[in-house]
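Subject: Structure for you to look at

Hello,

Here is the structure I promised. Please open it alongside my notes below.

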Amino acid sequence: MSLEIYEKARKLGQKSYKKEISQGKYPYLPVLEDIVDKDSIASDVSLGLVDIPLDRVIGTSNAGRTQAFAANFMPLMDAKSEFGSKWSNLCDAHLDEGIRDAIKVYEYLNYYYVVEGNKRVSVLKYFEADSIPAFVTRKVPKLTDDEEIKIYYEFMDFNRKTGVNFIWFSHEGGYKRLMDQVRINKKHGGELDSIPTISAVSSGKDSADGTGVALRAESSKIWSEDTILELKAAYRRFAKAFKLKGGDSLSRMTTGDAFIVFVELKSFDAVCEMSIEEIEVEITAMWQEFLVVNDEYLVEVSLDPPEEAKKNVLTQLAHSLAPNYSASKPLKVAFIFGSDPTQSDWLYAHELGRNHIKEVFGDKIVTLKITTASTEPDLIAAMEDLIETQHVEVIFTTTTRMVSASLKCAIKYPNVKILNCSLNTSHRYIRTYYARLYEAKFLSGMVAGALTETDKIGYIADYPIVGVTANINAFALGAKMVNPRAKVFLKWTTLKGNSKMENIYKELYNEGIDYLSDKDMITPNKASRKFGMYKLTEGEPINVIMTAYNWGKLYEKLINIIMEGKWGSTDAGDVSKPINYWWGFSADVVDLIISDKVPIDTRRLVNIFKGLIIEDRFSPFEGEVITQEGKRVNTEGERVDTDAIIKMNWLAENVVGEIPDLDQLSEKARPIVEMRGVHKETVNDDEGSSVEDEDTGSGGC
């Protein structure tokens with residue numbers, strides 16, 4: 001019996017060997033000695049006896065036995081050889097009582113390389129076992145800027161806190177996302193109410209965390225054994241279902257990447273209750289979402305509305321098949337605000353946009369609004385009611401914190417068009433929209449630079465998120481263009497201790513700031529002249545210019561796309577990608593209101609540059625741009641590209657201030673910044689994007 005099994009295993013090995021050879025790859029087991037440079041290792045850390053996942057066991061520690069196995073760990077030697085005989089005996093032992101003896105391995109970057117026990121691994125891999133006990137020595141690499149190394153350091157911290165070693169993510173932040181999901185779902189364990197004191201033992205060597213102290217793994221766990229078992233079982237069911245549905249074809253994502261997307265959409269508690277069959281159904285429903293992750297979060301950015309002239313046979317056919325909306329059959333559109341728009345400048349601007357489309361489309365449209373749903377369950381329930389009871393066809397969710405609820409409903413109701421107001425959010429089932437406010441901020445900065453008598457201009461911002469950073473830099477570059485001496489003093493309202501705005505205003509005034517860029521819109525129930533850009537005085541401010549969102553124009557153009565049957569055809573270049581409508585001056589989505597207190601020549605200059613921006617003959621981020629650190633991010637004759645503007649995480653050289661770290665922020669600010677915050681490890685780091693929330697109170701400042 002075991003000889004027959006050996007021959008089957010050997011055929012699998014030969015098949016793997018031929019495949020690797022045909023692709024020009026090494027056909028045998030990878031050898032750790034050939035992979036790791038000793039100088040790149042910070043330390044060796046003994047993890048003791050650990051149950052390790054077999055799918056992470058990929059090679060051998062030295063070249064001694066490597067050519068006895070194909071790259072898939074299946075045997076290549078003749079069945080009559082001594083090797084074949086020993087493999088067959090191990091097979092018999094496994095069938096009789098199971099292989100129980102632990103192997104010895106090195107772990108490097110969450111892969112395992114066998115020191116002793118290659119044949120045991122081979123036999124268990126043939127029988128598709130999940131794990132094997134092993135004495136593990138971890139080879140800890142020196143910390144570098146290499147993304148894989150940084151992910152591995154995240155994994156080591158996660159592994160120390162949880163004991164879990166079977167999940168790997170291909171992007172930074174995955175382990176934190178998983179821990180967050182387990183923490184907020186209490187039914188299947190969540191985190192322990194209290195964490196035992198970590199026991200430290202002097203090791204005499206560098207430990208995994210670089211402290212020279214070895215941490216006893218069992219003393220620092222944040223999850224109970226029940227939580228770990230629930231996670232392991234759920235992950236295994238998901239991995240099998242994902243493979244059955246073709247997950248192996250997505251070469252640029254791990255099963256862990258797919259699992260965290262699935263858990264965030266369904267919740268950890270729900271996934272723990274699902275069977276493999278139920279998971280398969282859900283994977284099918286959200287398959288496009290996995291394709292987005294596999295394509296490395298690429299987003300199709302639509303910078304302008306589709307031109308009427310660009311019509312072809314397909315678009316004309318789509319237009320002819322589009323519903324003929326009328327008073328008897330209006331398009332039903334809902335807006336989700338989450339709270340009373342009169343209490344928020346951000347939401348009030350969107351409410352004005354809703355009223356605009358009511359006037360434009362008349363009885364061809366019916367609009368509804370929800371102002372009471374604040375939590376995700378409430379948001380989902382509200383959208384489900386709108387769809388199932390009110391038969392709403394289009395839903396606009398107006399803050400980034402509503403992304404998750406929007407996505408869950410979009411997957412459940414694929415025929416409903418759901419759009420979320422956020423920037424660079426990579427989800428295939430919803431579309432996102434935003435305004436290029438930085439164009440208007442640049443012109444506002446020009447006015448401030450021209451008017452200042454102290455060369456000190458203030459700028460108040462709320463959340464350190466990348467879209468806001470682009471607005472700050474555009475304002476600073478505008479001021480610098482007309483006044484090379486101008487400095488922009490940046491203040492954040494969300495820092496710890498910044499509870500009173502009056503203190504910030506007083507501090508700026510005492511520093512000699514004479515003009516200040518503040519929030520972009522008034523709040524109806526909080527009358528104040530402190531909005532837009534104004535002259536800062538001891539008394540009432542003197543308003544000179546206001547940057548404005550014109551959401552009504554954006555909503556009008558999006559509704560036209562839907563009514564004309566262009567949804568999914570001419571409204572973006574590649575409908576297989578997530579679509580973000582990011583429109584500006586050229587679409588009338590942003591504008592400027594200039595006071596007559598601004599000199600006529602300055603107003604003329606602003607209008608000239610506004611025209612150049614509309615005609616795409618000039619960009620605020622054009623020509624040489626220098627950061628605070630003196631690094632050049634752009635040169636003369638070039639423009640900073642769209643993606644780099646969206647993900648901007650640096651400040652211009654004439655900005656006085658800094659992008660705060662997460663631990664400098666108030667508790668209220670942290671969830672928003674964790675979702676879309678600036679990551680500033682390096683100047684060219686591309687993480688993060690813009691976000692607005694009704695709680696920011698400052699729109700796009």
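Among contacts between residues at least 6 apart in sequence, 73% join residues at least 24 apart. Contact here means heavy atoms within 4.5 Å.

The model is predicted, so local features need pLDDT of at least 70 and side-chain atom pairs count only at pLDDT 80 or more, while totals for chains, interfaces and linings use all residues. Residues are numbered from 1 along each chain as its sequence is written, and side-chain values use heavy atoms, with hydrogens and water left out.

Overall figures

The protein has 22 helices and 23 strands. Both are DSSP runs, numbered from the N terminus: helices are H or I with at least four residues, strands are E with at least two. Of its 701 residues, 51% count as buried. Buried means under 20% relative accessible area, exposed over 50%, and partly exposed in between (1.4 Å probe, protein chains only). The accessible surface comes to about 31,600 Å². Carbon and sulfur atoms hold 49% of that surface. Areas come from the Shrake-Rupley method with a 1.4 Å probe; for residues, only the protein chains shown count as cover.

Nonpolar cores

The largest nonpolar core has 90 residues. Those with the most contacts inside it are Phe-396, Tyr-433, Leu-443, Ile-472, Trp-551, Leu-558 and Ile-559. Apart from that core lies another, of 53 residues, including Leu-109, Phe-166, Trp-168 and Leu-231. A nonpolar core is a set of buried Ala, Val, Leu, Ile, Met, Phe, Trp, Tyr and Cys residues joined through side-chain atoms within 4.5 Å. In soluble globular proteins, nonpolar side chains tend to be buried together.

Helix packing

Two packed helices are described by the angle between their axes and the distance between the axes. Axes are lines fitted to C-alpha atoms, for helices over the stretch in contact, and angles run from 0 to 180 degrees between N-to-C directions. Angles under 35 degrees count as roughly parallel, over 145 as roughly antiparallel, 65 to 115 as roughly perpendicular, and the rest as oblique. A crossing is left-handed if the near helix is turned anticlockwise from the far one by less than a right angle, and right-handed if clockwise.

Take α8 (residues 255-266) and α11 (residues 287-294). They pack at about 135°, with axes 10 Å apart. That makes α8 oblique to α11. Their crossing is right-handed. Asp-257, Ala-258, Val-261, Phe-262 and Leu-265 of α8 meet Glu-289, Phe-290 and Val-293 of α11.

α8 also packs against α6 (residues 174-184), at an angle of about 30° and with axes 10 Å apart. α6 and α8 are therefore roughly parallel. This crossing is left-handed. From α6 come Arg-177, Leu-178 and Gln-181; from α8 come Phe-259, Ile-260, Val-261, Val-263 and Glu-264.

The axes of α7 (residues 225-244) and α10 (residues 276-285) come within 9 Å and cross at roughly 50°. The α7 and α10 pair is therefore oblique. On the α7 side, the contact is made by Arg-237, Phe-238, Lys-240, Ala-241, Phe-242 and Leu-244. Ile-276, Ile-279, Glu-280 and Ile-283 make it on the α10 side. The crossing of α7 and α10 is right-handed.

Single residues

Two non-glycine residues have positive phi. Ser-267 has phi near 90° and sits in the loop between α8 and α9 (268-273). Ser-267 counts as buried because its relative accessibility is 18%. Asp-616 has phi of about 60° and lies in the loop between α20 (600-614) and β21 (625-626). Asp-616 is exposed, with a relative accessible area of 53%.

Asn-471 lies in helix α17 (residues 466-482). At 7% relative accessibility, Asn-471 counts as buried. Asn-471 is 32 residues from Glu-439 in sequence and 8.0 Å from it in space, C-alpha to C-alpha.

Asp-455 is in the loop between α16 (437-451) and β14 (456-461). Leaving aside neighbours within four places in sequence, Asp-455 is in contact with Asn-483, Arg-485, Ala-486 and Lys-487. The C-alpha atoms of Asp-455 and Tyr-515 are separated by 9.3 Å, at 60 residues apart along the chain.

Lys-38 is in the loop between α2 (32-35) and β1 (41-53). With a relative accessible area of 74%, Lys-38 is exposed. Lys-139 is 101 residues away from Lys-38 along the chain, with 9.7 Å between their C-alpha atoms.

Best wishes
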